[in-house]
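Please look over the notes below with the structure open beside them. They go point by point.

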Amino acid sequence: RPFFGGKRGAPGRRPGSRGAEVLNAQHHDVIFDEQQAVKDIPKVIALMETYDTSTIRKGLLLYTICKYITERSPVDVLFCGEGLDDVAGSHIYFKQTKNAEEYQRAVEFNLTRYRAR
């Protein structure tokens, strides 16, 4: 189940919904409401344990998406952010791979690079 989080009319929604069609998956739009986000700032600061503005700004959208998923979907496991990009091979540089074997090696390299030691 792909989830898109952003403002109404945001450009990232279209590729996400197309991806959901390819996967034959139910796509969910989570519309980011700025007024609600302002109300959520103290909770996000407490959860993220930081006042760093970049972290809080990014955390607000993730918090909004997670809240939506918790309240309105049956999803129990959620992959998001950089980890998902590495596992799914969705970083833009994966487009430079020439064939399936090279793509697989690139994904495996990324996964082993971050493995706990």
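**Notes on the helix packing and the cores**

1. The axes of helix 2 and helix 3 come within 9 Å and cross at roughly 100 degrees. Axes here are lines fitted to C-alpha atoms, for helices over the stretch in contact, with angles from 0 to 180 degrees between N-to-C directions. Helix 2 is therefore roughly perpendicular to helix 3 (under 35 degrees is roughly parallel, over 145 roughly antiparallel, 65 to 115 roughly perpendicular, the rest oblique). Helices (H or I, at least four residues) and strands (E, at least two) are DSSP runs, numbered from the N terminus.

2. This is a predicted model: local features need pLDDT of at least 70, side-chain atom pairs count only at pLDDT 80 or more, and totals for chains, interfaces and linings use all residues. Residues are numbered from 1 along each chain as its sequence is written, and side-chain values use heavy atoms, with hydrogens and water left out.

3. Which residues of helix 3 are buried? They are Ile-56, Gly-59, Leu-60, Tyr-63, Thr-64, Ile-65, Tyr-68 and Ile-69. Buried means under 20% relative accessible area, exposed over 50%, partly exposed in between (1.4 Å probe, protein chains only). These buried residues pack against strand 1 (3–6), strand 2 and helix 2 (34–48). Contact means heavy atoms within 4.5 Å.

4. Helix 3 covers residues 53–72, 20 residues in total. From first C-alpha to last, helix 3 reaches 28 Å, close to the 28 Å expected at 1.5 Å a residue. The expected span is 1.5 Å times one less than the number of residues.

5. The largest nonpolar core has seven residues: Phe-32, Ala-37, Val-44, Ile-45, Ile-56, Leu-60 and Tyr-63. Helix 2 and helix 3 are the elements that give two or more residues to this core. Apart from it lies another core, of five residues, including Phe-3, Val-30, Ile-65 and Tyr-68. A nonpolar core is a set of buried Ala, Val, Leu, Ile, Met, Phe, Trp, Tyr and Cys residues joined through side-chain atoms within 4.5 Å.

6. Phe-32 is in contact with Gly-6, Lys-7, Ala-37, Leu-60, Leu-61 and Thr-64, leaving aside neighbours within four places in sequence.

7. Is His-28 buried or exposed? His-28 counts as buried because its relative accessibility is 7%. His-28 sits in strand 2 (residues 28–31). Not counting residues up to four places away in sequence, His-28 touches Arg-1, Pro-2, Phe-3, Phe-4 and Tyr-68.

8. Ile-41 belongs to helix 2. Ile-41 counts as partly exposed, because its relative accessibility is 28%.
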